[in-house]
Amino acid sequence: MPPVPADPGPPPGVPGRGRPAASGASAAEPAREAGRLSGPLFRDEPSEPAPPAVTETVVLRAISPDVAPAPAPGHGTPPHPGAPVHPAPPPSHPAAGQPRFVPSSHPGQETPVAAQPDPQPQPRKQRGGRNLQAAIGVGVGLGVVIIASLFVVKALFLVVVMAAVAVGVWELTSRLSERKEIKAPLVPLVVGGIAMVATGYWSGVEWAAASLALTGLAVMVWRMAEPPENYLRDITAGVFTAFYVPFLATFVAMMLAADDGPQRIVLFLIVTICSDTGAYAVGYKFGRTKLAPTISPGKTREGLAGGIALSMLAGAVLMQLIIDDGSWWQGLILGGCAAVTATLGDLGESMIKRDLGIKDMGTLLPGHGGIMDRLDSLLPTAPVVWLLLVAFVGS
């Protein structure tokens with residue numbers, strides 16, 4: 001119906017001025033008339049024209065079982081008579097279990113949507129995002145396998161090295177293919193890697209180097225079966241993989257070939273582990289100055305110093321006790337060099353993973369990542385320890 005403009009009443013205190021009082025008016029009308037804000041306040045003031053009529057519009061929602069709750073009392077109420085009524089906006093964060101509404105194409109209607117579950121609190125991760133219990137369990141298990149294979153049947157440890165090389169090559173080539181679309185030939189790399197380890201153990205470094213060269217040629221020939229696009233990129237990655245994983249691991253096999261091979265392997269493993277452990281412990285407690293923040297933000301110079309110190313201590317003790325004709329000062333040198341190369345190897349692996357945009361090379365070892373995540377510091381340390389042992393006590 002069309003709006004009816006309000007009829008201005010007489011000013012307060014002057015009843016009946018301008019128009020006679022309506023007969024039969026209720027007792028509430030004088031109070032309502034006195035409460036109007038329009039009209040002159042004094043007799044001598046000229047009366048002003050009545051304000052334009054105000055139209056009130058009320059939007060009714062569609063009747064449905066899923067409707068938003070009505071606004072609480074006091075919300076959407078006009079501040080004074082004649083002001084338009086605006087419905088209160090829906091709460092920005094509905095209570096749990098209440099439906100949420102979105103605007104609809106039909107005026108005055110809203111469409112309910114499925115209620116979103118409340119976000120669940122995420123479990124707290126341990127330092128480095130690792131599962132500490134799983135990492136310790138896997139580390140103990142690997143230690144048992146290594147010690148048992150070393151001191152029960154020495155050649156059995158050679159099988160462990162070959163298996164680690166094959167898995168490491170597979171992890172690296174898989175990540176290169178997934179992240180960079182680099183297709184390094186897997187078959188010649190695995191076969192050539194096993195051949196490098198075997199020839200290094202039975203025939204020495206010359207045959208291991210020859211196996212590396214033949215593996216590179218095999219990678220070039222194998223890749224010829226694919227289209228020529230990206231040929232140079234793929235074979236370059238293949239040659240790098242052959243050198244980085246199996247050829248460096250060959251020096252572990254050559255240490256094993258000595259008469260006191262198991263003792264040399266124990267020395268090599270312990271000084272490398274002490275480097276990582278000392279760097280972690282000292283860096284966690286006293287680390288302040290970043291070593292290489294763009295590569296590995298967690299490493300500190302204080303941690304590096306702690307790793308070198310612990311590795312030198314372990315090298316001096318083990319070189320004196322378990323290596324024939326070994327001396328403690330030789331162990332100090334060996335431990336210090338091993339700590340430096342282990343840190344560089346860890347940083348080099350971090351560079352590769354950052355370039356690929358990944359955290360771990362694999363998921364084979366719970367709490368550790370992949371095989372390559374455990375070989376990162378061992379691989380570059382192996383040729384250094386082998387060379388120093390040959391120089392100090394012979395092969």
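Predicted model: local features only at pLDDT ≥ 70, side-chain atom pairs only at ≥ 80, totals over all residues.
User: Is Leu-214 buried or exposed?

Analyst: Leu-214 lies in helix H5, residues 205–223. Exposed means over 50% relative accessible area. Leu-214 has 58% relative accessibility, so it counts as exposed.

User: Which helix holds Val-159, and what is its relative accessible area?

Analyst: The helix is H3, residues 155–180. Val-159 is partly exposed. Its relative accessible area is 49%.

User: How far apart in space are Val-159 and Ser-149, C-alpha to C-alpha?

Analyst: In sequence, Val-159 and Ser-149 are 10 residues apart. In space, the C-alpha to C-alpha separation is 9.0 Å.

User: Where is Asn-230 found, and what is its phi?

Analyst: Asn-230 sits in the loop between H5 and helix H6 (231–256). The residue is partly exposed, at 43% relative accessible area. Its phi is positive, in a residue other than glycine. The value is near 60°.

User: What is the phi of Asp-325?

Analyst: Asp-325 is in the loop between helix H8 (301–321) and helix H9 (328–356). Asp-325 is not a glycine, yet its phi is positive. The value is about 65°.

User: Why does Asp-325 count as exposed?

Analyst: The cut-off for exposed is over 50% relative accessible area. Asp-325 counts as exposed because its relative accessibility is 71%.

Note on methods. Residues numbered from 1 in each chain as written. Heavy atoms only, no water. Helix = DSSP H or I, 4+ residues; strand = E, 2+ residues; numbered from the N terminus. Buried < 20%, exposed > 50% of the residue type's maximum accessible area, 1.4 Å probe, protein only.
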